[in-house]
Amino acid sequence: MAFLTKSEVRQAAQGRLQKSFSASASQVLREAVRVSSTEEKFDVFLSHSSEDSEIVLGVREILVGLGLTVYIDWIDDPQLDRGSVTAENADMLRRRMRASKSLIFLTTKNSVTSRWMPWELGYFDGHKTGFIGVLPIVDYSGGTFSGQEYLGLYPLVEKLPLTDGGTRFCVVERARKGYRFLDDFAHGQATIRAFSG
């Protein structure tokens, strides 16, 4: 099993930042959304801590590189105030989750203190069971993940080796009972593949 590392995600973010000269990660994310702001349906609702803008940018770049559309609340709906738990914010997030095929729960040290992430996870699970993946960001290659206990209920997003020597992002079911390619999963494909051998 191999999880995404902070350095891999930051490298993806830096690649995007270099194309934008001196912009910050938050500015690049906002500009990318302005260009594609006509989306009303999304492949991925990215549940994350807004404290992780560089990591969010890198993960978004990776997901977009897989051909996926990604919803990021403070970017796609900048009028939302994530610091306030209000009925209006919750209603908008519910609408965006209903318009998304999957939810990726981005775990970092900052996600533990998020007010919104556990609520988003619970709402999406009640709305669309089977399309939640937990994406751990680890400190180094070969790093392990032991998140909050309730995250163990959901499959993990991992890089699995291919026979040609490369890797592919997959959503791996609990107890390694099978997997789905991440792009298939995010497009709503439910068939779980068995591990061979």
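Q: What should I know about the model before I start?
A: Residues are numbered from 1 along each chain as its sequence is written, and side-chain values use heavy atoms, with hydrogens and water left out. Because this is a predicted model, local features need pLDDT of at least 70 and side-chain atom pairs count only at pLDDT 80 or more, while totals for chains, interfaces and linings use all residues.

Q: How do I read an aromatic pair, and how many are there here?
A: A pair of aromatic rings is described by the distance of the centres and the angle of the planes. Rings of Phe, Tyr and Trp (its six-membered ring) pair if their centres lie within 6.5 Å; planes under 30 degrees apart are stacked, over 60 edge-to-face, and the rest tilted. Searching the whole structure gives eight aromatic pairs. One of them joins Y179 and F181 edge-to-face, at 5.7 Å centre to centre and 65° between the planes.

Q: Which kind of pair do Y179 and F195 make?
A: Their centres are 5.0 Å apart and their planes at 40°, so this pair is tilted. Y179 belongs to strand 8 (residues 179–181) and F195 to the segment after helix 7 (182–186), so the pair ties together parts 16 residues apart in sequence. Helices (H or I, at least four residues) and strands (E, at least two) are DSSP runs, numbered from the N terminus.

Q: Where does a charge sit over a ring?
A: The test is that NZ of Lys or CZ of Arg is within 6 Å of the ring centre and within 35 degrees of the ring normal. The charged end of R168 is over the ring of F181, 3.6 Å from its centre. R180 lies over the face of F131, 5.1 Å from the ring centre.

Q: How does strand 6 pair?
A: Two strands pair if DSSP finds at least two bridges between them. Strand 6 runs antiparallel to strand 7 (residues 167–172), joined by six bridges, and P161 stands opposite T167 in strand 7. The two strands form a hairpin with five residues between them, and G165 in the turn has a positive phi of about 100°. In strand 6 (residues 156–161), five of the six residues are buried, so the strand is largely enclosed by the rest of the structure.

Q: How do I tell a pocket from a cavity?
A: On a 1 Å grid over the protein atoms alone, a cavity is a set of points where a 1.4 Å probe fits but cannot get out, and a pocket is an open set with protein on both sides within 12 Å along at least five of seven lines; lining residues have an atom within 4 Å of a point. Grid points are joined across faces, edges and corners, and a volume is the space filled by probe spheres set on the points. The second largest pocket has a volume of about 250 Å³. Of its 15 lining residues, L160, P161, L162, Y179 and F195 are closest to its centre. Strand 6 supplies the largest share of that lining, three residues.

Q: What lines the largest cavity?
A: L4, V59, I62, L63, L135, V157, F169 and L182 do, around a volume of about 30 Å³. Helix 3 (residues 53–65) gives the most, with three residues.

Technical notes: Buried < 20%, exposed > 50% of the residue type's maximum accessible area, 1.4 Å probe, protein only.
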